[in-house]
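Subject: Structure handover

Hi,

Here is the structure I promised to pass on. Please open it alongside this email.

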Amino acid sequence: MINEIKRIFELLQNPDFNISIEEIRQKYGDTYLKSQDEINKLTYEFYKNSKFIPKMTCMYPNCKGNAINSHSIQKALLTRLADETNHIIMFIKEFSHKNRPSAKAERIGIEKDATTFPGLCNFHDSQLFEEIEKKVIDIEDLYHHFLVSYRAVLKENYSKKSSHQRFKNLTEYALSNPTTDEFVISIMIAITRSYFLGMSYTNDVKTLLDTSLLDKNYDSELLFGGRITPKFLPLYLSSMFTPSYDFDGVNINNFNNPNESPNYFILSILPANSQTYVFYSMLKKQESKLGNIFQKLESLNDEDFLHYLSELFLKYAENFVLSPYYWDKFSEDKKSLMLKFFNDTTHNPKIKYNPKLHNIFEFIE
Ligand SMILES: [Zn+2]
């Protein structure tokens, strides 16, 4: 049995091989169809046991340097968003023995903020983003647009790479232990497989952008959009994600075919002094799928724009920090409703955004 599972595992590592978990279940029968409780328990164990951070080399094209911990958000901005005890708010998904995963708003010291990741070597960490960190951001500048997008792509690619590495190690460990439950292995394979795909597809995006960077041809692959909101939005976001639907309910990504690359939307929110830069971009070759979101965002007045931004943000984005002062303006009820929306839309993107309940910008005047 273990040999057969090993064989499937190897097949799953091959991007040209298309097999779904449903097929594995059909092949191996009810052994794999455990209760949701058991699945929750296992998921919890996996995440608990997978906290180590794999060593990576620098993600700058062709650099082999050792990656150091770099902030995906400038320190000065982080300090500005923090409270007097130097804490910021991040939404964290929690896995529990008993329930489905849930989300909570956690106060995190700015030294430990989870937007930090070992993605670049010392030299590239300071050199690559110098242009947008030391100079005033120019929303008309293609290079600035590019760097903001590239940073989100690096972070997402890193997350998928490190998750894949972790689950691959765990699965190999489980396979080396002949007493491991077959069901455990099947779930591990499923998770490893999904991270493998996420890693491959985000690698593809990064490779395209690496070429734009080296050629200094910043809009060769990406289409850029953005605006300056004349208000300070007390949050920072740098995220590449795969929206399931556009604002009119048209499907963008369905993930049914693992051989089909997902369509990626890149969104960054960078507050500065009394205004906020909102940058978004997509791959030119994915315009037919994502063009609608672009047009919608371009066409809205400032107020509606914030609603749509709030929806995108809570539904799909990761890698953001919020000011605790701002978060505490919401009632406990509102806080739970937003966290619930943030969490539940992960498994069910059809849940409707309600501007009265889920507007993260409610207190922006
Ligand atoms: Zn480097």
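Confidence first. This is a predicted model. The average pLDDT of the chain is 84. A score of at least 70 is reached by 81% of the residues. Residues 15-19 are a stretch to treat separately: their pLDDT is below 50. That stretch has eight contacts in the model beyond near neighbours in sequence.

Next, helix α12. It covers residues 332-347, 16 residues in total. From first C-alpha to last, α12 reaches 24 Å, close to the 22 Å expected at 1.5 Å a residue. Met338, Phe341 and Phe342 of α12 are buried. Viewed down the helix axis, the buried residues of α12 fall within an arc of 95°, so they line one face. As background, an α-helix has 3.6 residues a turn, so residues three or four places apart point the same way. Glu332, Asp333 and His347 sit on the other side of α12 and are exposed. What covers the buried residues?

Last, Leu290. It belongs to helix α9, residues 287-299. Leu290 has 22 C-beta neighbours inside 10 Å; the cut-off for buried is 20 or more, so Leu290 counts as buried. Leaving aside residues up to four places away in sequence, Leu290 touches Ile252, Asn263, Phe265 and Met282. Asn253 is 37 residues from Leu290 in sequence, yet their C-alpha atoms are 9.8 Å apart.

Best wishes

Conventions: Residues numbered from 1 in each chain as written. Predicted model: local features only at pLDDT ≥ 70, side-chain atom pairs only at ≥ 80, totals over all residues. Helix = DSSP H or I, 4+ residues; strand = E, 2+ residues; numbered from the N terminus. Expected span 1.5 Å × (residues − 1). Buried ≥ 20, exposed ≤ 12 C-beta atoms within 10 Å, placed from the backbone. Arc of directions from axis to C-beta. Contact = placed C-beta atoms within 7 Å. pLDDT = per-residue confidence, 0-100.
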